[in-house]
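Thanks, everyone, for making the time this morning.

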Amino acid sequence: MPVSVNSYKMFFAQSDDGQFLRKVFDAAMSKGGLTRVGKQLFRNEKGEEVVHDNQGTFTCDVQGDLLGRQKGRWVGSSVQSATAALDDFEKRKGQLAGQEISLPPSDQDAKTYGPQPPEEGLVVEQTIKVIGGHRDRESLDPGLQGSAGYYGRALGLDRLWIRKDEKDLLVQGKLPQSLTNRIVLYHLRDNTYGQLWHFWSAKDVKKAEIHLEGGRLTGKVHLETGKRGYEADLLGFVESKDGRITRFDVVSKGWSWDKEVWSHAPPNSKQLLAITFRLSDPGSKMGKVPPGALRHFPEYLR
Amino acid sequence: MNTMAALVFFLQQNGLTEDEFRKLHQELAAGKKTACGIPWEFTIREGRERALKEGKPLFIYALGGDFLGNG
C-alpha cells in the first residue's frame with residue numbers, strides 16, 4: 001500500500017501517524033547503515049541537533065514493524081528491498097493467521113495533512129517537465145551517476161491555491177493581482193530535480209505581464225537572479241458557469257537555467273521547461289497536499 | 001490594420017500557439033489522477049486502513065519535503 005509522507009513534518013507530530021513513523025524510522029536506524037539519502041539533520045523538541053534516518057522507502061506492516069528499507073537511492077534498490085519485504089510479509093501472514101489485527105481509534109486530525117486549502121477557494125494542480133535542452137551533469141557529481149536521465153524525464157508536481165475572493169474575481173473574468181503574484185513568485189520554477197527552495201522574490205521579477213481577457217489568459221514572464229532564471233510565454237483558458245470556475249487550464253513554456261549543482265544540468269546550459277495548470281478534481285488526494293511554497297512562505301496566500 | 005494582419009501580429013507576440021498549448025496540456029496535465037500512475041495515500045492512517053482491509057504491507061516513501069513537490 002503506497003503511502004507518501006513528509007518526514008520532516010511528521011517526525012515530531014504528536015499523533016498516531018507521528019508515533020507510527022517514529023517506530024518505523026527508529027527500527028531503520030537501529031539496523032544501521034544510515035544511507036546518504038536517508039540522513040536528515042534537524043532539531044528535536046529540546047533544540048538538540050539530531051541526525052536521523054527518515055528519508056527513503058520503508059516497507060512495514062500495519063503495526064509498524066519494519067520489514068525492509070531502501071539501501072540505495074534508486075528504483076532498482078527500492079524494488080529489491082520491497083520484494084524481499086513482501087516475501088517476509090507473506091511468511092508473517094501465515095504465522096499470524098487467525099489473529100485479529102485492528103487499528104486504534106483514529107485521532108482527530110489523522111486524515112488531514114497539515115494546512116488545508118482556503119475555504120471555498122480553488123485547488124489547481126500543477127505539472128512541470130523539461131521538454132528540451134540539455135541535462136547531463138554527471139561529471140560534476142559522480143554520486144549521481146545515472147541520475148541525469150532520470151531527472152531529464154522526471155515530472156515535477158505542485159498545487160496552486162486560490163482564495164475565495166480571488167475565485168470570485170475570476171468568475172467575473174478578472175485576474176487578481178494577488179493571484180498573478182502568487183503564480184509568478186511560487187509556481188514558475190523547475191522542481192523536477194527535487195523540491196528545493198528555489199522560488200522567486202519580487203526583485204527577481206524582470207517582467208510579469210499576464211492578462212485575462214474574455215476567458216483567455218496570455219502572458220510573458222522573465223524571472224532572474226544572478227544564478228538562475230526563467231523566461232516564458234503563457235497561454236491559458238479560464239471558464240466559469242453558474243458562478244463556479246469550471247476550467248483553469250494554463251501552460252507556461254520557456255527557457256530555464258540554473259547554474260547551481262542542484263539542477264543537475266551542465267553549467268551555462270538552458271532547459272526548455274513546460275509548466276501546466278488544471279483544476280484539481282473534487283476529492284483528489286493529490287490536491288490535498290499543500291503547495292511547496294507554503295512550507296517556506298507563511299505569506300503564500302496573501 | 002485588417003483583421004488577418006492583426007491576428008498574425010497577435011500570434012507573433014504570444015510565443016505559445018494554441019496547438020502547443022493543447023499538446024502540452026494534454027501530455028502533462030489532462031487526466032492525471034495519480035502521481036506517477038500510483039494511487040498514493042498521503043496520511044499514514046489512510047494507508048494503514050487500506051493495508052489492513054486489503055491484507056497488504058505499507059510501502060512508505062518518506063522525504064524531507066512533500067513528495068508532490070517533485071515527481
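How do the residues of the lining of the second largest pocket divide into nonpolar, polar and charged? Please keep in mind, as we go, that this is a predicted model. The answer is that the lining holds six nonpolar, six polar and five charged residues. The space in this second largest pocket comes to about 370 Å³, and of the 17 residues that line the pocket, those closest to its centre are A:Gly121, A:Leu122, A:Val123, A:Ser280 and A:Pro282. If we ask which elements give two or more residues to that lining, they are β6 (122-133) and β11 (244-258), both of chain A.

Let me now turn to the strand, which is β4 of chain A, residues 56-60.

With chain B, β4(A) is joined by five bridges to strand β1, residues 58-63 of that chain, and the two strands run antiparallel. Within this pairing, the residue that stands opposite A:Cys60 is B:Leu58 in β1(B).

Within chain A, β4(A) also pairs with strand β5, residues 66-69, again in the antiparallel sense, over three bridges, and here A:Thr59 has A:Gly68 in β5(A) as its bridge partner. β4(A) and β5(A) form a hairpin with five residues between the strands, and in that hairpin A:Gly64 takes a positive phi near 90°.

I will stop there and take questions.

Definitions and conventions. Residues numbered from 1 in each chain as written. Chains lettered and ligands numbered in written order. Predicted model: local features only at pLDDT ≥ 70, side-chain atom pairs only at ≥ 80, totals over all residues. Heavy atoms only, no water. 1 Å grid on protein atoms, 1.4 Å probe; cavity = no way out; pocket = protein on both sides within 12 Å on 5 of 7 lines; lining within 4 Å. Points joined across faces, edges and corners; volume = space filled by probe spheres on them. Helix = DSSP H or I, 4+ residues; strand = E, 2+ residues; numbered from the N terminus. Nonpolar A, V, L, I, M, F, W, Y, C, P; charged D, E, K, R; others polar. Buried < 20%, exposed > 50% of the residue type's maximum accessible area, 1.4 Å probe, protein only. Pairing = 2+ DSSP bridges.
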